[in-house]
2 protein chains.
Amino acid sequence: MPNELRGACLFGQSGGPTAVINASACGVFQTALALPQITRVLGAAHGIRGVLDDVIYDIGQEDPIDLELLMNTPSSELGSCRYKLKDPDVDDTDFRRILEIFKKYDVRYFFYNGGNDSMDTCEKVSRYMARAGWECRIMGVPKTIDNDLWGTDHCPGFGSAAKYIATSCMEVSKDSSVYNIGQATVIEIMGRHAGWLAGASVLASAAGSGPDLIYLPEVDFDMEKFLADVERVYKEKGNVLVAVSEGIHDADGKLIAEAEVSATDGFGHAQLGGLAVRLAQAIKARLHIKVRGIELSLLQRCGAHLASKTDLEEAYLAGKAAVEAAVAGETGKMVAFERIDDNNSYSVRVKLIPLDSVANLESKVPVDWIVPEGNYVKEEFINYALPLIQGEPERPVINSLPRYSRLKKIHA
Amino acid sequence: MPNELRGACLFGQSGGPTAVINASACGVFQTALALPQITRVLGAAHGIRGVLDDVIYDIGQEDPIDLELLMNTPSSELGSCRYKLKDPDVDDTDFRRILEIFKKYDVRYFFYNGGNDSMDTCEKVSRYMARAGWECRIMGVPKTIDNDLWGTDHCPGFGSAAKYIATSCMEVSKDSSVYNIGQATVIEIMGRHAGWLAGASVLASAAGSGPDLIYLPEVDFDMEKFLADVERVYKEKGNVLVAVSEGIHDADGKLIAEAEVSATDGFGHAQLGGLAVRLAQAIKARLHIKVRGIELSLLQRCGAHLASKTDLEEAYLAGKAAVEAAVAGETGKMVAFERIDDNNSYSVRVKLIPLDSVANLESKVPVDWIVPEGNYVKEEFINYALPLIQGEPERPVINSLPRYSRLKKIHA
């Protein structure tokens, strides 16, 4: 039985925000506030930056209603950062400062909510504290819309972004096929290295109106093949809707979004409009049809009004499980989900995996879930993603607009 | 008492789609199907194009469930067009064809759902039929997200687009202010000549997280003033969110989206990314800060999942009222809404206005609803727009994705 460890808990958010990242914060805060071992519940402004800068909020002074409203508030309410810690063996300046702050507030529990880079931060802090002899239990709480975190079936944030993408693709599919003159529409979806989000657009097609063609970064992109695909569908249907991941690249690994392509194939120079507009222009130059490029941009990662209830509850559970495991003696682990495949009914169980087995690894869409032509995803993807977007959470509104949490953010 | 007119009714959709245009179709179809004077309910594919091409659907053969689901299906389910009829006094070719089709199907009621141009079509058809001696009652059903239709307090389609814009601005405001390094974000909103949609972003700010600066086409846009505004807000807050109408223009009337600006002020050449990206780049070149341009594009006009119940019900009512008025003897009119200002509780009454008083006129945001600096809108705008976004309709879903209408579209 582990020794009981009493002290403050400190929570931070890191990396790109999601629609449900604050649900994990809610899970951490509500669970920690109720546990006698945790003497004080603290939140770091802008993740590890707030620790380094000593900008620490006293969560115990927040109104419980606003803590509850974190469930429905998108983006990182405490602020986020993209600060990468050095290796403590090379330069321990930051770590000495973190230790100083941990001692100042008697931080014995540290929870860090983020993706790959954040688990790396978590792992380094964990390693340093062990070496420095400061007893502190450190747990990673997973988060990323990209769904590329290693060691978990899926990641909180993905389900809600996938639902936003699928719903938006359904709507755009309806809108972009309305005229008697056809149109090619290209939707650009986030995901630099993994195609989980772009793949989620297939859920729209499965529901009756979605993309005809889907391109993921797991497969090399060939412009000639792409234009031939578009032409074929356009000739068949009179309209074509394409979903592409921002990370698609050619066989040499060069991003299509950054490719210098000659003017003859429809690309201009020094364009700023991003991949969707570039591909739309390439189609226009070749096929001489009406085109439109749409970038889902930040909208897809902050679309809390379309959050998946499943995702929201799992995000809360991830925070809660991290606190409970730490208080029970665990440290140096990340909360992960294992899918229980039980007669087609979806459920998950929480597991804990060592931080050093997660940090900096990427989970990608299995190549055998992509059709051989590289322009669509298979049934396996639908079976994987559909359970993750299920359920409509309650959405508190005032005057039919969201009522977000308003934390007081009182300095500790 | 008007003579009773028996015969078929024909309905068509025209112009840009909206989230609720099919609710007007539902209002027309359900009302017409129940009236004994109307012998047959028909729908034209792609508006007046379907009349000219004789592509006419028999709505009486549709499943009532799918007619009901039109309430929740975005975009123009029958298809739309942007076909402008000539003046019948100059060239009556199209009108002779329309008369031929009206005679073929015994069309005695014609309902046309659209914006300014569509009311012009409606007015011309009405004028021609009267002259040709074909007894036919013709009514316009208003529709446009732009809200620029003359003679009505507001227009079906606007409230839902406004709600989508306000909600999305709230979410983007949360997402774009999350890092400890500041960012300028520019959101581009539809509206070529009228700023109603861009103005609706103020509802986000009124709800606690929205744009700091709003620019409408009703006021000349000055790049130097704009950059100074952005700099001031950024220095105050560390972040800045800007909402702009796609139609903003300089004092000479030249669209900023099409301006050729020298490279020194941050614009490149032959850019394709649209206004938001151009303005973001101009900010970056001047202030050397992180920027992002977001174009709401088609998403804002087909966002049925965020439809306003008020808007949806009024869209239905517009269709229903058009049919009822025509059967009661009216013709050559457009359905319009008059707001009843009764102790701050919102309600509307239907009125009918002559088509020739509407066609080709534009309703714009009153200039005294815009602040003197031209970079925000006043309380009057909020009071006007807020009632129009109210209420969350039931949204039929299957697997948490929308269940849209699936019309059989059987040719008449």
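Which side chain makes a polar contact with the side chain of B:Glu171? That of A:His305, at 2.7 Å; a polar contact is a pair of N or O atoms within 3.5 Å, where within protein one must be able to donate a hydrogen and the other to accept it, and residues adjacent in sequence count only if both atoms are side-chain atoms.

This is a predicted model, in which local features need pLDDT of at least 70, side-chain atom pairs count only at pLDDT 80 or more, and totals for chains, interfaces and linings use all residues. Residues are numbered from 1 along each chain as its sequence is written, chains are lettered from A and ligands numbered from 1 in the order in which they are written, and side-chain values use heavy atoms, with hydrogens and water left out.

**Stop 1: B:Glu171**

Keep B:Glu171 selected and show helix 6 of chain B, residues 158-175, in which B:Glu171 lies. Helices (H or I, at least four residues) and strands (E, at least two) are DSSP runs, numbered from the N terminus. B:Glu171 is buried, with a relative accessible area of 1%; buried means under 20% relative accessible area, exposed over 50%, and partly exposed in between, with a 1.4 Å probe and protein chains only. Now show the residues in contact with B:Glu171, leaving aside neighbours within four places in sequence: A:Pro74, A:Cys302, A:Gly303, A:Ala304, A:His305 and A:Tyr404. Contact means heavy atoms within 4.5 Å. To move on, draw a distance from the C-alpha atom of B:Glu171 to that of B:Met223, 52 residues apart along the chain; the separation is 27 Å.

**Stop 2: helices 9 and 10 of chain B**

B:Met223 belongs to the set in helix 9 of chain B that meets helix 10 of chain B. Select residues 223-237 for helix 9 and 274-287 for helix 10; the two pack at about 70 degrees with their axes 10 Å apart. Axes are lines fitted to C-alpha atoms, for helices over the stretch in contact, and angles run from 0 to 180 degrees between N-to-C directions. Helix 9 and helix 10 of chain B are therefore roughly perpendicular to each other. Angles under 35 degrees count as roughly parallel, over 145 as roughly antiparallel, 65 to 115 as roughly perpendicular and the rest as oblique.

The crossing of helix 9 and helix 10 of chain B is right-handed. A crossing is left-handed if the near helix is turned anticlockwise from the far one by less than a right angle, and right-handed if clockwise.

On the helix 9 side, show B:Met223, B:Glu224, B:Phe226, B:Leu227, B:Val230 and B:Glu231; on the helix 10 side, B:Leu279, B:Ala282, B:Ile283, B:Arg286 and B:Leu287. The residues of this contact divide into eight nonpolar, no polar and three charged. Ala, Val, Leu, Ile, Met, Phe, Trp, Tyr, Cys and Pro count as nonpolar, Asp, Glu, Lys and Arg as charged, and the others, Gly among them, as polar.

**Stop 3: helices 4 and 5 of chain B**

Next select residues 93-104 and 116-132 of chain B, helix 4 and helix 5, whose axes come within 10 Å and cross at roughly 70 degrees. That makes helix 4 of chain B roughly perpendicular to helix 5 of chain B. From helix 4, B:Phe95, B:Arg96, B:Ile98, B:Leu99 and B:Phe102 meet B:Lys124, B:Val125, B:Tyr128, B:Met129 and B:Ala132 of helix 5. By class, this contact has eight nonpolar, no polar and two charged residues.

**Stop 4**

B:Ile21 is in helix 1 of chain B, residues 21-33. B:Ile21 is buried, with 1% relative accessible area. Beyond four places in sequence, B:Ile21 is in contact with B:Gln13, B:Ser75, B:Ser76, B:Asn113 and B:Lys143. B:Pro74 is 53 residues from B:Ile21 in sequence and 7.1 Å away in space, C-alpha to C-alpha.

Then go to B:His46, in the loop between strand 2 (38-44) and helix 2 (48-52) of chain B. Phi of B:His46 is near 55 degrees, a positive value in a residue other than glycine. B:His46 counts as partly exposed, at 22% relative accessibility.

**Stop 5: helices 1 and 12 of chain A**

Switch to chain A and select helix 1 (residues 21-33) and helix 12 (residues 309-327), which pack at about 40 degrees with axes 7 Å apart. These two helices of chain A are therefore oblique to each other. Helix 1 of chain A passes helix 12 of chain A in a right-handed crossing. The contact divides into nine nonpolar, five polar and two charged residues.

**Stop 6: A:Ile289**

End at A:Ile289, in the loop between helix 10 (274-287) and strand 9 (290-295) of chain A. A:Ile289 counts as buried, at 9% relative accessibility. Not counting residues up to four places away in sequence, A:Ile289 touches A:Ala184, A:Tyr234, A:Ile283 and A:Lys284.
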